[in-house]
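Good morning, and thank you for coming. I shall present one structure today, going from a single element to the whole chain.

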Amino acid sequence: CGRNRKWVLFALAFVVVSLCAGLVYGWPALRRNLVEGGSTQSEEQFGAIYTAGAWSTQGGRFLFGLARDRFGTKRTTLVSLLCVIGGSLGIALSDASNVAALASSMFLIGLGSGSQLCLQPVAGLFSKSG
């Protein structure tokens, strides 16, 4: 049972990191999809949406690091994962021209990237020998 549990934790860590990693590296593709989807936003508005996500990434790591120390790993990971899920759903369901909704969604994904700090101890579950 312990062996299966660590693989489940590894899978969860992989999913969370994958969801957050697209925030910065996936922006060009998201921007292109928004433009192709009929977005009427200016370059300044696209920049504001990206900035909301990129800046909240650093702030999220700081805040969730403090929260992890105060409330523990499980609770903090759950809250940060909910932020990522909320942001991902927000982007999926937002109109391509709704700057506020897209910026808020990117902010939530960035904020939730603090979960990466909570999942770093997962590497300790595996010995070097396999």
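An α-helix has 3.6 residues a turn, so residues three or four places apart point the same way.

Before I continue, a note on the source: this is a predicted model, in which local features need pLDDT of at least 70, side-chain atom pairs count only at pLDDT 80 or more, and totals for chains, interfaces and linings use all residues. Residues are numbered from 1 along each chain as its sequence is written, and side-chain values use heavy atoms, with hydrogens and water left out.

The helix α5 has 14 residues and spans 20 Å from its first C-alpha to its last. That is close to the expected 20 Å, which is 1.5 Å times one less than the number of residues. At the start of α5, a side-chain oxygen of Asn-98 comes to within 3.4 Å of the backbone nitrogen of Ala-100.

Ser-113 is buried, at a relative accessible area of 2%. Beyond its neighbours within four places in sequence, Ser-113 is in contact (heavy atoms within 4.5 Å) with Cys-20, Thr-57, Arg-61 and Val-84.

Finally, the whole protein. It contains 6 helices and 0 strands, these being DSSP runs (H or I, at least four residues, for helices; E, at least two, for strands) numbered from the N terminus. Buried residues account for 35% of its 130 residues.

Definitions and conventions:
Buried < 20%, exposed > 50% of the residue type's maximum accessible area, 1.4 Å probe, protein only. Polar contact = N/O pair within 3.5 Å; in protein donor to acceptor, adjacent residues only side chain to side chain.
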